[in-house]
Every structure is written in structure tokens, then in C-alpha cells.
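I opened my notebook beside the model and wrote down what I looked up, entry by entry. Come and read along.

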Amino acid sequence: MRTIYLVALNTFKETVRNKVLYNILLVAAVVLLLAMSFGDLSVMSRVQVMSDFGLATMSLTGLLLAVFIGVGVLGAEIVDKTVYGVLCKPVDRIQFIVGKFLGLFVTLALNFLLIALIFVTAITLMTGRAPQAEIFSAVLLLMVEMSVVIAAAIAWSCFTTPTLAAIFTLSFYVAGHLNDLITLGADAQSNPFIKAILVALHYILPNLEYFNIRTAVVFGLNMAPGHVSFAAMYGLLYTGLLLLISSVLFDRKDL
């Protein structure tokens with residue numbers, strides 16, 4: 001556990017020093033400030049606009065962090081061969097992978113909490129009361145979703161270049177949100193081979209729409225009982241599976 005902690009701590013410090021992180025946070029802050037002014041121009045209330053923009057900003061921020069920092073941290077170490085300095089010490093490769101993931105996830109979680117604090121404070125000041133509890137459920141599911149994306153970014157980085165890993169991670173994210181459409185495409189296919197491929201993709205890829213409850217939160221729609229708990233468990237299990245795959249790939253990598 002101490003080894004994992006040290007790898008995670010080093011990853012966190014390395015990520016915090018990355019200038020890309022602050023550029024992403026600056027963009028998030030600008031978007032939230034714009035959302036406050038857009039409230040007067042929208043047919044929706046200011047609270048709805050702030051909630052919608054705040055959750056969308058966190059989703060975009062998490063994706064950018066996973067792609068540009070998550071891929072870069074491991075990929076750059078492999079390309080620059082700085083990973084040798086770590087692996088020559090008594091550090092198992094699975095410990096290295098888990099430590100990298102935890103360091104990146106903690107960075108992401110802190111950024112999410114900062115953005116959430118900003119827009120929750122704004123909503124509270126505008127309405128004079130705290131936002132509904134469903135907003136915090138939406139933030140939680142966004143964090144779980146980004147844990148899946150970070151784990152996917154690490155998995156891609158284990159066997160390809162940082163550029164391709166970033167492209168594959170973005171494709172993974174888009175495909176995950178279009179998983180339901182893959183099912184519809186499979187049902188409409190008459191070619192059994194293509195249909196089998198689409199069905200296989202449907203079950204292999206995660207359904208990231210499970211984590212998207214933004215519409216329900218913004219418009220006060222009812223969600224299925226236990227949806228948040230189910231989605232969180234689903235995301236954690238998928239994250240664990242991706243980290244296991246990453247560990248196997250990294251263990252077989254010739255370093």
C-alpha cells in the first residue's frame with residue numbers, strides 16, 4: 001500500500017505542476033461566469049442554467065483532464081523512458097498502474113469539488129437556499145464516469161503512443177455515450193456478421209449514459225429508484241476491469 005501511495009502522490013504532484021490543468025480550470029471558470037449572465041437571456045431560470053452549465057462544465061473538464069493529462073502522464077513516461085527509474089525499484093507493475101490511476105483520480109476529484117463549490121455557491125447566492133440534493137448525485141456520477149475514462153486512458157497508454165491513446169480515449173468516450181444507438185443499429189441490421197459485431201460492441205463498451213442524469217436534475221424529472229447506486233457500482237466495476245486489463249498489458253510490455 002505504501003508503494004501505491006508514493007506512486008499516487010508523485011503522480012498528483014506531477015499533474016498539479018502541469019500548465020494544462022490550470023488552462024482547463026480557467027476555461028471552466030469562464031463558462032460558469034457566462035452561465036450566470038445567460039440566465040437572464042434564457043427561457044429557463046437562472047438556477048436551471050447554472051445547474052446545466054455547471055454539470056456540463058465538469059463533464060467536459062473531466063474528459064479533457066483524462067485525455068490530455070491522463071494519457072500524457074503514463075504515455076510520456078514510457079516514451080521518455082523515465083518509467084525505468086521507477087520500475088528498477090521494488091515496485092510491481094500493477095502497483096504502478098493503480099498508483100497512477102489514484103493520483104490522476106484525486107486530481108480530477110479536487111477539480112470537480114472546486115467547480116462544484118463555485119456553482120453551488122452561485123446557486124445558493126442567487127436563490128437564498130442550497131441546491132437540491134440531486135445535483136450532488138449528478139456530481140458523484142460524473143466522478144464515477146471520469147474514473148472509467150481515466151482507466152481507459154491508462155489502458156490505451158499501455159500499448160500505444162500518447163497521440164493514438166488520446167484519440168482512442170475520445171472515441172471510447174463518444175462510443176460509450178452512443179451505446180444505445182449501437183443496439184438500435186444492431187436491431188436494424190440484416191447482415192448477421194455486422195449484427196454480431198455491433199452486439200459484441202454493445203456488451204464490451206460501457207454505457208456512459210448511465211452516468212448522465214443532467215436532464216433529470218435540471219428539469220426535476222423522476223429517476224428510477226436505485227439508479228444512482230446501480231450506476232456507481234457499474235462504473236466502479238468497469239473501472240476495476242480496465243485497471244486489471246491495464247496491469248496485464250503493462251506487465252507484458254517490454255520495458
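**Helix α6**

I began with α6, whose 25 residues reach 37 Å from first C-alpha to last, close to the 36 Å expected at 1.5 Å a residue. The expected span here is 1.5 Å times one less than the number of residues in the helix. Helices (H or I, at least four residues) and strands (E, at least two) are DSSP runs, numbered from the N terminus. I then looked up burial and found 19 of the 25 residues of α6 buried, so α6 is largely enclosed by the rest of the structure. Buried means under 20% relative accessible area, exposed over 50%, and partly exposed in between, with a 1.4 Å probe and protein chains only.

A note on the source: this is a predicted model, in which local features need pLDDT of at least 70 and side-chain atom pairs count only at pLDDT 80 or more, while totals for chains, interfaces and linings use all residues. Residues are numbered from 1 along each chain as its sequence is written, and side-chain values use heavy atoms, with hydrogens and water left out.

**α6 against α7**

Next I checked how α6 (residues 133–157) meets α7 (residues 162–177): their axes come within 9 Å and cross at roughly 140°. Axes are lines fitted to C-alpha atoms, for helices over the stretch in contact, and angles run from 0 to 180 degrees between N-to-C directions. The crossing of α6 past α7 is right-handed. That word applies if the near helix is turned clockwise from the far one by less than a right angle, and left-handed if anticlockwise.

Which residues make the contact? On the α6 side I listed Glu145, Met146, Val148, Val149, Ala152, Ala153, Trp156 and Ser157, and on the α7 side Ala165, Phe168, Thr169, Phe172, Tyr173 and His177. Contact means heavy atoms within 4.5 Å. By class, I noted ten nonpolar, three polar and one charged residues between α6 and α7. In this scheme Ala, Val, Leu, Ile, Met, Phe, Trp, Tyr, Cys and Pro are nonpolar, Asp, Glu, Lys and Arg are charged, and the others, Gly among them, are polar.

**The whole chain**

I stepped back and found eleven helices and zero strands in the protein chain. Of its 255 residues, 43% count as buried. Among contacts between residues at least 6 apart in sequence, 77% join residues at least 24 apart.

**Lysine 100 in α5**

Is lysine 100 buried or exposed? I found lysine 100 in helix α5, and it is buried, with a relative accessible area of 2%. Leaving out residues up to four places away in sequence, lysine 100 touches Val7, Thr11, Glu14, Val73, Glu77 and Ile154.

**Aromatic pairs**

My search of the whole structure gave nine aromatic pairs. Rings of Phe, Tyr and Trp (its six-membered ring) pair if their centres lie within 6.5 Å; planes under 30 degrees apart count as stacked, over 60 as edge-to-face and the rest as tilted.

One of them joins phenylalanine 101 and phenylalanine 105, stacked at 6.0 Å centre to centre with 15° between the planes. Phenylalanine 101 and phenylalanine 105 are four residues apart in helix α5 (residues 93–127), so about one helical turn separates them. Phenylalanine 101 is buried at 7% relative accessible area, whereas phenylalanine 105 is partly exposed at 23%.

I also looked at tyrosine 210 and phenylalanine 230: with ring centres 5.7 Å apart and planes at 75°, the pair is edge-to-face. Tyrosine 210 lies in the loop between α9 (192–204) and α10 (214–219) and phenylalanine 230 in helix α11, so the pair ties together parts 20 residues apart in sequence. Tyrosine 210 is partly exposed at 29% relative accessibility, and phenylalanine 230 is partly exposed at 47%. Tyr210, Phe211, Phe230, Tyr234 and Tyr238 form one aromatic cluster.

**Helix α11**
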